[in-house]
Amino acid sequence: MTETLFAGRSLAVFDAYGTLFDVHAAVQRHAGTIGPEAASLSETWRTKQLEYSWVYGLMGRYRSFWSLTEAALDVALARHPGVDRALREPLLDAYRDLDAYPEVPATLDALRERGLRTAILSNGDTAMLERAVASAGLGTRLDATLSVDPARTFKTSPAAYRIVCERFGVGPAAVLFCSSNRWDVAGAAAFGFATAWVNRKGAPDEYADLPPTAEIVTLDALLTRFSQP
């Protein structure tokens with residue numbers, strides 16, 4: 001598996017939300033105020049955010065991911081009328097500065113030390129990505145933070161993944177793409193990237209025809225599969 005995962009790869013690319021950053025951290029920071037509906041609110045917010053990206057992508061109508069995040073929160077609050085709507089702005093502020101998963105900084109450092117360039121490719125728009133990266137202290141650990149903005153569509157469109165190849169001047173075979181979102185891994189695999197599915201929750205596979213090159217539970221498992229040249 002080590003040779004399959006890293007042989008010929010010069011670039012490790014990561015999805016941002018759910019992979020490097022904990023998308024549920026925003027609600028968790030206010031869980032005491034929200035009360036027993038906190039987990040459900042967070043799941044609804046995330047689900048609607050992704051649904052919006054797929055629907056607008058299929059329609060060929062692009063909206064910034066931040067605007068979709070705001071709209072998704074409004075839907076989540078409407079579906080949880082017991083949650084105080086005065087929390088809307090505090091929740092959005094918290095989403096701008098999400099926590100990185102604990103293993104992320106050291107994993108990025110180690111991959112770079114071993115010769116790989118590192119980058120983010122995210123549906124997030126440039127401003128929200130730059131703030132998230134800065135607040136998590138990841139800026140010096142990345143060679144690029146790439147938004148789908150230039151493609152005016154969202155993952156899983158091939159145009160979104162092509163941004164990586166154009167930015168770094170490489171073909172798909174040079175890229176290892178890592179995501180916690182199985183649909184994102186499927187899209188990247190269809191494009192031609194080697195893929196690592198960061199299956200943090202032990203979810204069942206949903207795209208058997210587009211398998212990941214590797215399945216891991218946390219990002220630091222990549223380090224045990226890296227082969228020194």
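Predicted model: local features only at pLDDT ≥ 70, side-chain atom pairs only at ≥ 80, totals over all residues.
Helix H6 is a handy place to start. Two packed helices are described by the angle between their axes and the distance between the axes. For helix H6 (residues 88-96) and helix H8 (residues 126-135), the axes come within 8 Å and cross at roughly 70°. H6 and H8 are therefore roughly perpendicular to each other. On the H6 side, Asp93, Tyr95 and Arg96 make the contact, and they meet Met128, Arg131, Ala132 and Ser135 of H8.

What about the buried part of H6? Arg88, Leu91, Leu92, Ala94 and Tyr95 are its buried residues. Looking down the axis of H6, these buried residues fall within an arc of 160°, so they line one face of the helix. An α-helix has 3.6 residues a turn, so residues three or four places apart point the same way. H8 is one of the partners of the buried residues of H6, which also pack against helix H2 (25-29), helix H3 (31-34), helix H4 (38-59) and helix H5 (65-79).

In soluble globular proteins, nonpolar side chains tend to be buried together. Here the largest nonpolar core holds 59 residues, and those touching the most other members are Phe14, Tyr17, Phe21, Trp45, Tyr95 and Leu222. H5 is the element that gives the most to this core, with 9 residues. As for Leu222, setting aside its neighbours within four places in sequence, its contacts are Leu5, Phe6, Phe14, Leu111, Leu176, Cys178, Ala196 and Ile216.

Two loop residues round out the picture. His24 sits in the loop between strand S1 (11-14) and H2. With a relative accessible area of 15%, His24 is buried, because the cut-off for buried is under 20%. Residues up to four places away in sequence aside, His24 touches Ser42, Glu43, Arg46 and Lys201. Arg152, for its part, is found in the loop between strand S3 (144-147) and helix H9 (158-168). The relative accessible area of Arg152 is 52%, so Arg152 counts as exposed, the cut-off being over 50%. The backbone of Arg152 also deserves a mention: its phi is near 55°, a positive value in a residue other than glycine.

Methods. Residues numbered from 1 in each chain as written. Heavy atoms only, no water. Axes fitted to C-alpha atoms, helices over the stretch in contact; angles between N-to-C directions. Helix = DSSP H or I, 4+ residues; strand = E, 2+ residues; numbered from the N terminus. Parallel < 35°, antiparallel > 145°, perpendicular 65-115°, else oblique. Contact = heavy atoms within 4.5 Å. Buried < 20%, exposed > 50% of the residue type's maximum accessible area, 1.4 Å probe, protein only. Arc of directions from axis to C-beta. Core = buried A, V, L, I, M, F, W, Y, C linked by side-chain atoms within 4.5 Å.
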